[in-house]
Amino acid sequence: QVQLVESGGGLVQAGGSLRLSCAASGRTFSTYTMGWFRQAPGKEREFAAVISWSGGTTYYADSVKGRFTISRDNAKNTVYLQMNSLKHEDTAVYYCAAAAKLRTRAREYDYWGQGTQVTVAS
């Protein structure tokens, strides 16, 4: 059982940066693959980034590659998403999620946070 709480969202200017955090409760955080997804109004939830339980493997959606960096600190039960060079089209609710294996589809994840709003001004 994993409970996830995102934080760090807000309003940022285009070209700016934002760092999201996802705090996990429970004692099994380090065994889970952790992903970040985002959902804009009227659109399906889409994959952004994922990191393996060890932190040794990461994957990024083409839309964020080179701009976003996912990382985790298992000792702190926290996963991060550093977002640089933000664009207006990055505006969405960002969700942290946990899965038993490395996955890139939302339906393959078992646990979800409530989301944090990221708004990038144009």
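What share of the 122 residues in the protein chain is buried? Buried residues make up 43% of them, where buried means under 20% relative accessible area, exposed means over 50%, and partly exposed lies in between (1.4 Å probe, protein chains only).

## Before you start

This is a predicted model, in which local features need pLDDT of at least 70 and side-chain atom pairs count only at pLDDT 80 or more, while totals for chains, interfaces and linings use all residues. Residues are numbered from 1 along each chain as its sequence is written, and side-chain values use heavy atoms, with hydrogens and water left out.

## The overall build

Let's begin with the fold. The protein chain contains eleven strands and zero helices. Both kinds of element are DSSP runs numbered from the N terminus: helices are H or I with at least four residues, and strands are E with at least two. Read along the sequence, the pattern is β-β-β-β-β-β-β-β-β-β-β.

Now for the dimensions. Along its principal axes, the C-alpha trace spans about 40 × 25 × 25 Å.

## One disulfide

The structure holds one disulfide, meaning a pair of cysteine sulfur atoms within 2.5 Å. Here Cys 22 is joined to Cys 96, with an S to S distance of 2.1 Å. Cys 22 sits in strand E3 (residues 18–25) and Cys 96 in strand E9 (residues 92–99), so the bond ties together parts that are 74 residues apart in sequence.

Which hand does this disulfide have? The torsion about the S-S bond of Cys 22 and Cys 96 is about -80 degrees, so the disulfide is left-handed. Cys 22 counts as buried because its relative accessibility is 0%, and Cys 96 is buried at 0% as well.

## A look at a loop

Where would you find Pro 41? Pro 41 lies in the loop between strand E4 (33–39) and strand E5 (46–51). With a relative accessible area of 78%, Pro 41 is exposed. From Pro 41 to Arg 105 is 64 residues in sequence and 19 Å in space, C-alpha to C-alpha.
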